[in-house]
Amino acid sequence: METMVRVKDGEVWAEDTGGDGVPVVLLHPGIADSRCWEPVLPELVARHRVIRYDARGFGRSPSPTAAYSLAEDLRAVLDHFGVGRAVLVGTSMGGVTAVSGALNEPSRVAGLVLLVPGVTGYPELEDPELTARIAELATAGDMGGLLALALETWAAAGTPPDDRAAEWLRAAIPAWFTTYGHQTEDPPAFPRLGELAMPCTLLLGEKDTARTVRCNEDMAAAIPDCHLVRLPDCDHLPTLRAPEAVRDLVLEMCARS
């Protein structure tokens, strides 16, 4: 079932497949929308209730017109579908959302699967030179340059023309700018990772950016019950580069929950 879910001062597109058992909630990255889950979706849906949604400005969700929080939007989606407890699967920006959501409401999270995640409050995760280059290209209206930079930065494991990665990135790039000034960062979560008491798996891509690799290593060390998985041929798009590994990690977490 597809629907528009009301969130504070806005709405987001969401899909709930229905089914029994602990639901699986899929949270997409900032370099793709919820279509990034399609390589793993069929086998997850065959066994579990799966909920996915597009964050504001991404995919089928309208651009924001007021301040919002990713973690608060997650809570609104869970409330809308009547989810009391779920396995959260978040990649990159979705990992940020999953961690913040788990810290806010730990009783609602049966397990965490974090794929090349970010986290609020981690020093030096953002790259000032990259941010400046993105701003420069955006000011020039150079969409081709933005796409090439994004592929070079986050899709290093691909082989040109890397059509599917390019498709995902091209669709996501406009949201970087429509959400700017509206998305408010949730409170620092990195100093609180030791509070996460639920099972956690963290997938790290060895071909990801050096900043993300360091962040992921430090996150795995700080989360008490965290299983770190390192994939040598994976970049910042694990559902594209290693869908079987992602699927298996999610199913293993569901079996524990």
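The model is a predicted one, in which local features need pLDDT of at least 70 and side-chain atom pairs count only at pLDDT 80 or more, while totals for chains, interfaces and linings use all residues. Residues are numbered from 1 along each chain as its sequence is written, and side-chain values use heavy atoms, with hydrogens and water left out.

**First stop: the largest cavity**

Select Leu27, His28, Tyr53, Ala55, Leu70, Asp73, Met93, Gly94 and Thr97, which line the largest cavity. A cavity here is a set of points on a 1 Å grid over the protein atoms alone where a 1.4 Å probe fits but cannot get out, and lining residues have an atom within 4 Å of a point. The space in this cavity is about 70 Å³, a volume being the space filled by probe spheres set on the points, which are joined across faces, edges and corners. Across the whole structure, the search finds four cavities of 30 Å³ or more.

Colour the selection by element next: helix 2 (70-80) and helix 3 (93-104) are the elements that give two or more residues to the lining, and helix 3 gives the most, with three. Helices (H or I, at least four residues) and strands (E, at least two) are DSSP runs, numbered from the N terminus.

**Second stop: helix 3**

The whole structure holds 20 salt bridges, each a side-chain nitrogen of Lys or Arg within 4 Å of a carboxyl oxygen of Asp or Glu. Select Glu38 and Arg164, whose closest N and O atoms are 3.8 Å apart. Glu38 is partly exposed at 35% relative accessible area, and Arg164 is partly exposed at 35%.

Move on to Asp162 and Arg241, which form a salt bridge with the closest N and O atoms 2.7 Å apart. This pair links distant parts of the chain, with Asp162 in the loop between helix 5 (143-154) and helix 6 and Arg241 in helix 8 (residues 238-241), 79 residues apart. Asp162 is buried at 13%, whereas Arg241 is partly exposed at 22%.

Then select Arg60 and Asp54, a salt bridge with its closest N and O atoms 3.5 Å apart, in which Arg60 is partly exposed at 37% but Asp54 is buried at 0%. Finish this stop with Arg75, Asp79, Glu105 and Arg108, which are linked in a network of salt bridges.

**Last stop: helix 5**

Select helix 5, whose 12 residues should span 16 Å at 1.5 Å a residue and whose end C-alpha atoms are 16 Å apart, in agreement. Its buried residues include Leu146, Leu149 and Trp154, and what covers the buried residues of helix 5 includes helix 4 (128-139) and helix 6.

Technical notes
On a 1 Å grid over the protein atoms alone, a cavity is a set of points where a 1.4 Å probe fits but cannot get out, and a pocket is an open set with protein on both sides within 12 Å along at least five of seven lines; lining residues have an atom within 4 Å of a point. Buried means under 20% relative accessible area, exposed over 50%, partly exposed in between (1.4 Å probe, protein chains only). The expected span of a helix is 1.5 Å times one less than its number of residues. Contact means heavy atoms within 4.5 Å.
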